Amino acid sequence: MALLGAFLCCVLAAWHSRPGLGLPLAPAGGGCPVAAVGQFWHVTDLHLDPSYHITDDHTKVCSSSKGANASNPGPFGDVLCDSPYQLILSAFDFIKNSGQEASFMIWTGDSPPHVPVPELSTDTVIKVISNMTMAIQSLFPNLQVFPALGNHDYWPQDQLPIVTSEVYNAVANLWKPWLDEEAISTLRKGGFYSQKVTSNPNLRIISLNTNLYYGPNVMTLNKTDPASQFEWLEDTLNSSQQNKEKVYIIAHIPVGYLPFSSGITAMRQYYNEKLIDIFRRYSNIIAGQFYGHNHKDSFMVLSDKKGSPVNSLFVAPAVTPVKGVLEKETNNPGVRLFQYKPCDYTLLDMLQYYLNLTDANLKGDANWKLEYILTQTYDIEDLQPKSLYGLAKQFAVPDSKQFIKYYNYFFVNYDSSVICDKKCKALQVCAIMNLDYVSYVDCLKQYYIKYGH
Ligand SMILES: [Zn+2]
Ligand SMILES: [Zn+2]
């Protein structure tokens, strides 16, 4: 472990001292070495189920199946169960041994399992988050990690408070190696922070506690600015603008509409509109937004009020493969790597990796593989709002092959025979391109006029 850690440290040091990897630099004035690429990992929704074990009685494989028969349990998990420890370790082992050099990692929350509230406690929730944090810190001792809290990272689940709490204090202590004093202090108070990336000057990560805006959170009912996070966010973006920084926004619950149900925002609508307004006003310094929670792979493009695309947002699939008994589809476990221009943090590409869970269980070996490279699979130039907007317009066309691909990737290659009918597709496409109420409703209307029900 120590040896591997030392190796990683030196690789990173070498990486940062090699502008453009020794390749030709761009002409003076451009300010960006042509071939240089920065990289970071995004992992989310680990949902460790410590009770997972193989046993003949399939109702007893994991608490997260809530008494239902596990469908085909193996060493790396089951689709009715949250993650066994071995699945999570296989994901981190893959990241560590992938040969990819990354400057940092983002980790957008939800470590505890989906089990009934009485089966957990503040203590067990903290233990699970601590366990995951320790695993990451010991495997990647030299990597700066930026976590965000999820709705399951609290007990009772979803009820993240607007004042300090045992959980906020615990994570502030656990995440100290990655964060500075100011970040630790706001994390303690409200579960959010902003932090400069040590290896990337002028890049700031803003980690929002969007669980405060989540529908089931009764702690924030009728509050216009829970924990004064909106005020803090505007102040933080404002000072970033003055200091000529670029910002990546990370959070657990995404903004925008759920791509699989009609007219439902992931957070309460009032908060969604407020956030969209702030993101629009600061879109020139927000170089990307990264979320979890939905467990499926999707992207969104935020447009300004006139309809021009101004921001790219990415929702990463979960590591846990869990689904409800009545759900037909789920996701294979996934982790992803982003590529950006180190000079201005423009997003260039995304590599999605996944584990075919059925295969892994059959072979007793976790063979994590590349699922797709975003620009190559869709033949687009980069991950800029304009490129993704153009792609979403291609999706909208009837029988679009691009969209068929997208819908298969949505479930991380879980079931390539899956079909999205007209209504399903209208919801998907409108959720990609419209994050506020007025434009979303209008999109659905237009879509039906154009392509029928
Ligand atoms: Zn989750
Ligand atoms: Zn969640």
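Are His252 and His293 buried or exposed? Both residues are buried, where buried means under 20% relative accessible area, exposed over 50% and partly exposed in between, with a 1.4 Å probe and protein chains only. The model is predicted, so local features need pLDDT of at least 70, side-chain atom pairs count only at pLDDT 80 or more, and totals for chains, interfaces and linings use all residues. Residues are numbered from 1 along each chain as its sequence is written, chains are lettered from A and ligands numbered from 1 in the order in which they are written, and side-chain values use heavy atoms, with hydrogens and water left out.

His252 and His293 belong to a metal site. The zinc ion (ligand 2) is coordinated by Asp110 (OD), Asn151 (OD1), His252 (NE2) and His293 (ND1), at 2.1 to 2.2 Å. Donors are N, O and S atoms within 2.8 Å of the metal (3.2 Å for Na, K and Ca); water is not among the atoms, so sites may look incomplete. Along the chain, the donor residues of the zinc ion (ligand 2) are spaced D-x40-N-x100-H-x40-H. His252 lies in the loop between β6 (246-250) and α7 (269-281), and His293 in the loop between β7 (286-291) and β8 (298-303), so this pair ties together parts 41 residues apart in sequence. Helices (H or I, at least four residues) and strands (E, at least two) are DSSP runs, numbered from the N terminus.

The angles between the four donor atoms around the zinc ion (ligand 2) run from 87 to 158°, which makes the arrangement irregular. Four donors count as tetrahedral if all angles lie between 85 and 135 degrees; four count as square planar and six as octahedral if opposite donors are over 155 degrees apart and all others between 65 and 115; anything else is irregular.

The zinc ion (ligand 1) is coordinated by Asp45 (OD), His47 (NE2), Asp110 (OD) and His295 (NE2), at 2.1 to 2.3 Å. Its site is also irregular, with angles of 88 to 173° among the four donor atoms. The two zinc ions, ligand 1 and ligand 2, are 3.4 Å apart, and Asp110 coordinates both. Asp45, in the loop between β1 and α2, and Asp110, in the loop between β2 (104-107) and α3 (122-139), link parts of the chain 65 residues apart.

The UniProt annotation "binding site" (unreviewed entry) covers Asp45, His47, Asp110 and His295. These residues span 251 residues in sequence, yet no two of their C-alpha atoms are more than 10.7 Å apart, so they gather at one spot. UniProt positions are given in the numbering used here, feature names are shortened, and annotations may be inferred rather than shown by experiment.

Asp45 is buried, with a relative accessible area of 0%. Asp110 is buried at 1%. His47 is buried at 0% and is found in the loop between β1 (38-43) and α2 (85-97). Its contacts (heavy atoms within 4.5 Å), not counting residues up to four places away in sequence, include Asp82, Asp110, His152 and His295. His295 lies in the loop between β7 and β8 and is buried at 9%. The side chain of His295 makes a polar contact with the side chain of Asp45 (3.1 Å). A polar contact is a pair of N or O atoms within 3.5 Å; within protein, one must be able to donate a hydrogen and the other to accept it, and residues adjacent in sequence count only if both atoms are side-chain atoms.
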